[in-house]
Every structure is written in C-alpha cells, then in structure tokens.
Amino acid sequence: MVAFAILIFLFLGSVEGFSSKSQPCTYDKSKICKPALATAAFSTISFLLGAITSVVSGFLGMKIATYANARTTLEARKGVGKAFITAFRSGAVMGFLLAANGLLVLYIAINLFKLYYGDDWSGLFEAITGYGLGGSSMALFGRVGGGIYTKAADVGADLVGKVERNIPEDDPRNPAVIADNVGDNVGDIAGMGSDLFGSYAESSCAALVVASISSFGINHELTPMLYPLIISSVGIIVCLITTLFATDFFEIKAVKEIEPSLKRQLIISTVLMTIGIGIVSWIALPSSFTIFNFGDQKAVKNWQLFLCVAVGLWAGLIIGFVTEYYTSNAYSPVQDVADSCRTGAATNVIFGLALGYKSCIIPIFAIAISIFVSFSFAAMYGIAVAALGMLSTIATGLAIDAYGPISDNAGGIAEMAGMSHRIRERTDALDAAGNTTAAIGKGFAIGSAALVSLALFGAFVSRAAISTVDVLTPKVFIGLLVGAMLPYWFSAMTMKSVGSAALKMVEEVRRQFNTIPGLMEGTTKPDYATCVKISTDASIKEMIPPGALVMLTPLVVGIFFGVETLSGVLAGSLVSGVQ
C-alpha cells in the first residue's frame, strides 16, 4: 500500500511539475480548477482509504468466520436447521460489513474532500477514484494470495492424507489439516470479500466520475449526483429484509431445503431491489438530464437509467442461476462429470474442463445484453450503474458466499473433535450447498468486474482524449493480441505458484508421516505449524510476480508504446479475461 501510494502521488503530482498553482479544468478550459498537486494528494489519501477499508473488512470477516464455525458445529447437534441459521447469519455479518463500510467511508470521504474542493466537482470526483483503485489493488492480493494459500494446503492435505494414507478428510492426524481449514477462510472470505469490494468501489467511482462532468455535476445537483451511493444504500435495506426470509420467516427442517432456501435469497433480493431502484430513480433523479458521452452530452430520461440498473441486476441473477446449474450436484452437468469417473481420473479432468468452458456461454450473453442496453441508454454512465445494479445485492451475495467456508470448517471441526458421524453428515449437507453458493459469488464477482472494467476503460478513453479505438490500425491490433495473452500469462504464474507450494506441502506431510513415531496411531500430534508456515510463505512470496504483471503492464505499455496501444491491450485483456 505504501509503495503504491508513493507511486500514485509521484505520477499524478508530476503532471504540472509539482506546481501548487491553480490550473484550467480538464473538460472546461474557461474555468479555473484546483492544482495538480492537490489532486495527487487527495487521490493518494482516497487510495489508502479504499485499501484500508478492504483490508479491515476482510480481517473482520475472517474473525467472524472463525468464531462462527465452531458455533455452527455445536448447533449441528440440535439439527440441520439451527446449524444453517448460525452459518448463514455469520455470513450475512460479513456481507453487511462490507457493503456498509464501503458506503460509509466513501460518503465521508466525499464530504470531507468537498470542504477543500468546494464547487470544483470534476476535480473532487477525480480525486475520489483513488478509492476504487485502493479496493481493487487489495483485491488482487487478497484473491491471488488467498487462492495460492488455500489450494496449496488443500492439495497437500488431500494427496497425502486421503490418497496415500487412506485417512478421512479433516482427520486430526493429518499435519496439513489446520492449514487447509485456515485456507478456506483466507481464500473464500478475505479473498472473495476484497474482490467484490473492489468491483463495488470501482463501479461507484466510475459512475461518480462520469456524473461529475454530466449535467448533475455541472449544475451541482447533489442528490442525483450521489445516485450510485443511493442505489447501494437501498441495497443494504433490501438485503436486510431478504435475510429474514432465510432465518426467520421460513424454518429449515430437512437437508433438501438448504439449496432452495439460498436460491430464494437471490430471487427475493432481486425482485425487492427492482422495486427499490424504481422508487429511488423516480424520487432522486430529475425527469430528464444529460450524460457525458465521449466529448458531447447525451439526453437521458430517468426511466432509462432505471432500466440500466435493472438490467445489470437481473443479469446478475441469471449469472447466479447458470452458475448454480453448472456447479450443483442436483443437475446433469455435475452428474455427468461424476459419471465420467468410472473410466478414471483423466476423463474426469477432461469432462470437468469442458463443463467449465461450457458454463461461459449464457453468462457472456447476459453480460453482452446488459452492456448493449445500458450503453445505448446512458453511455458509459449506464454501464457503471449496471455494474452497481449487479452489486447492489452484494450483502446477500456475500452472505450466501461466506456461508460456504463457515460450514466447510464446521465439518472440519466436527471431524477433528471426534463428534458423532451424524453431526458430520449434517455439516456435509450444509457444505455441499456452500460449494455451489461460493461459485455463485464468483460468478457475480466476474460479471460485475467485466462491466466495471468496461466503464473504467470508457473513462480512460475519454480522459486520454482518444475519440475512437480503431482495431484496424496496427498499433491497436498488436495491443489487442498482447492484451488477450495477458490472462494466460497471469494464470500460468498463479498455477505454477500453487503447484510448487503444493509440492512443498506434500513433501512436508510425507516427511511427518514417515519420521514422527505414533502419528498414524494417533498417540502423538503432528506439527501443524510448519504446514501453515509453508502455505503462508508461499502465498506472500508467490503473489508478487502476478501482482507486478498486472500493475506494471499499463505503465510499461503506456510509456513506451503510447495510449493507442494501451487502449488495445486493455480491451484485449478484458475480453479474454472474462472468458
């Protein structure tokens, strides 16, 4: 954070050679705006605020999850319904924390910055964009570091424990069992939370920046200006009502009611949110206004903006359902993969990969339709609010997502504590639904990130004064090719990191089984700490190269090859990365 804060300050401050004199505005040369140095300082502050908010939310989420998993195990003695409520409520805490923290800090920052900027709203909201960048940069490390950590531990624990030594999963004799359980929290709670928070902060910032140079910002209308924040706040209230449906209005009595109940959460929150957005758009927005669209103003009606948000919201629901169809054991895709295991592991891997590729089809169409609708109605602002619409039910999305690792760990605790296998069956039933809901969360994260990066790409193109990105110029086309390659390079790095960390883990687990006497009999305890250390060290060390690749690419390309090539690289990596 410190390193990037310094970089941001230096890059933005050096625009006018660190002058503290007022300068003409970017979009309207007739007016005088605040100096570049001020923008640099405030952008750095908002970057730090975004990063800190993201880290704190992830930290608190993990703290709650570690409290909740043991409680879930204890509640499982009374039945599956009680255990479900405990796991779900603690997941909800994480969801509301993130949505509320993100909104609160952003709102306070805007009001404090306004004391200095006064009427210069375009400068004010340009400085606020740092907030989104802070959120995403932490998301990168949370996601990558968390992913390396959890998968290294998982592979290491399962390969030696289940395959070689034939002991059950989460058996306390397995040295990697603690690392595996901690990994669920690191990857799925801290990683997922920071990831969704990154998209959430970015889409709010993208919408605010476009609005500040539209009629809202020019005429200084505060309520429509803060429309993105109002959507998010309505989302919090809607999600609050929605969670009651899972815990209070309908009691869960049998195992088969778990997944439908979580699916109901998505539907109820989407339906209520549609009504909420309708009311807000009618009250907060003037009946017609103009939106900045690559240099000129485009006239928009308030119902069109409502449709932009709604189309993003429903696209999110579609993505959630498609993800559920492809990952739940109740439907044919997963059953086909299970069936392919009759001929060994190779066919299983082939079928699994095919399923993953196939699951792209419908979500991509959903994203494409929402982009087309929102862009034709309200240009880049439309896309930014569509992303916000998809993320407006973030509290519910995160609740059903954080529910997964909590119930997973509850099963681990039941196994390690040697509780009766009836309890283990209940926690396994919770966990099976949890795997699916975690995948739904990832679907939301990717769908919203696609919309957000397009909105930010639009903001970049307008700011860099490129009127059209022409694919037929060689500069742009080679950029597209290189950009489309970047996700593969990134994935190669991360997969290799997981592989090498898992290798170390396997060797350590084998070493302990072979050298510690009485380990298999359960008379002595394994050395858990070494395995945790392997995962931790690997995740911190190995996330530097992929992180550097992402952060440095735009700088290197922009400085050496110019903005046209960079616009190609960004577009290429967006298109290929979503797939």
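The largest cavity is lined by Ala157, Asp158, Gly161, Lys162, Pro168, Glu169, Asp170, Asp171, Asn174, Val177 and Asp180. Bear in mind that you're looking at a predicted model. Two elements each give two or more residues to that lining, namely α4 (121-164) and α5 (177-212). Of these, α4 supplies the largest share, with four residues.

What classes of residue make up the lining of the largest cavity? Six are charged, three are nonpolar and two are polar. As for volume, the largest cavity holds about 60 Å³ of space. Counting cavities of 30 Å³ or more, you get four.

Now for the helices. Two packed helices are described by the angle between their axes and the distance between the axes. Take helix α9 (residues 258-284) and helix α14 (residues 394-416): they pack at an angle of about 160°, and their axes are 10 Å apart. Angles over 145 degrees count as roughly antiparallel, so that is how α9 runs relative to α14. The crossing of α9 past α14 is left-handed.

Which residues meet where α9 and α14 touch? From α9 come Ile258, Leu262, Gln265, Leu266 and Ser269, and from α14 come Thr396, Ile400 and Tyr403. Sort the contact of α9 with α14 by class and you find five nonpolar residues, three polar ones and no charged ones.

How values were computed:
Residues are numbered from 1 along each chain as its sequence is written. This is a predicted model: local features need pLDDT of at least 70, side-chain atom pairs count only at pLDDT 80 or more; totals for chains, interfaces and linings use all residues. Side-chain values use heavy atoms; hydrogens and water are left out. On a 1 Å grid over the protein atoms alone, a cavity is a set of points where a 1.4 Å probe fits but cannot get out, and a pocket is an open set with protein on both sides within 12 Å along at least five of seven lines; lining residues have an atom within 4 Å of a point. Grid points are joined across faces, edges and corners, and a volume is the space filled by probe spheres set on the points. Ala, Val, Leu, Ile, Met, Phe, Trp, Tyr, Cys and Pro count as nonpolar, Asp, Glu, Lys and Arg as charged, and the others, Gly among them, as polar. Axes are lines fitted to C-alpha atoms, for helices over the stretch in contact, and angles run from 0 to 180 degrees between N-to-C directions. Angles under 35 degrees count as roughly parallel, over 145 as roughly antiparallel, 65 to 115 as roughly perpendicular and the rest as oblique. A crossing is left-handed if the near helix is turned anticlockwise from the far one by less than a right angle, and right-handed if clockwise. Contact means heavy atoms within 4.5 Å.
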